[in-house]
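Here is a short briefing on one protein chain. The sequence and the 3D structure come first, then the notes.

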Amino acid sequence: HLDLKPENLLLVGGAVKVADFGLARSLEGLGGAFVRHGVGTPEYMAPEQVLAARPEDVDHRADLWAVGVMLFELLDGSRPFRARDREQLKQILRDRDIRPNLRRVPEPFRSVVQACLERDPEARPESAEALRTSVLEQAAAVVLESERRAAELARKQAEEAAAAGAAEELAQARAAEQARR
């Protein structure tokens, strides 16, 4: 696709659909001879799209970078890399020491977001399916942890209610004993 961004994702009948294949079609129509770097929405472009000199340096993993940017936005509320302009963005993407601050990304999803935002495409998930599997595994872990916490809370509340009930019964028994005296 090479231009994934929130504006190109549609929710249709509970499923996410990708729209606007204009850039991908135009590149395909040129037989891959077009240098694919520098084309797209800068905030969502992978480093190889911004910096690469050869078209073969850009593949499907550029879209996984864009998914990582969107996941970061969804989970953190901001973009992972902020730049005044395209030139500053290039500098940020060139500097491998500048990493997104993942502290506000919920723990189970940090590894997923981090993997998508690896500057080296080889270090990103191999495919959208591999990314999907990773996200589902993390989501399942979140659900299991939530269920564990809910069960623990219910157990504690039941114990407290039982203790409160026992204390009430004891107080009533003492009051009845005193009334008999």
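Strands S1 and S2 make a hairpin, with two residues between them. In that turn, Gly-13 has a positive phi of about 55°. The model is predicted: local features need pLDDT of at least 70, side-chain atom pairs count only at pLDDT 80 or more, and totals for chains, interfaces and linings use all residues. Residues are numbered from 1 along each chain as its sequence is written, and side-chain values use heavy atoms, leaving out hydrogens and water.

**Elements and strand pairing**
- The chain has six helices and two strands (DSSP runs: H or I of at least four residues, E of at least two).
- Their order from the N terminus is β-β-α-α-α-α-α-α.
- S1 (residues 9-12) and S2 (residues 15-18) run antiparallel, joined by four bridges (pairing takes at least two by DSSP).
- Val-12 has Ala-15 of S2 as its bridge partner.

- Val-105 touches Phe-72, Leu-75, Asp-76, Arg-110 and Val-113 (heavy atoms within 4.5 Å), not counting residues up to four places away in sequence.

**Whole chain**
- The chain exposes about 11400 Å² (Shrake-Rupley method, 1.4 Å probe).
- Carbon and sulfur atoms supply 54% of that area.
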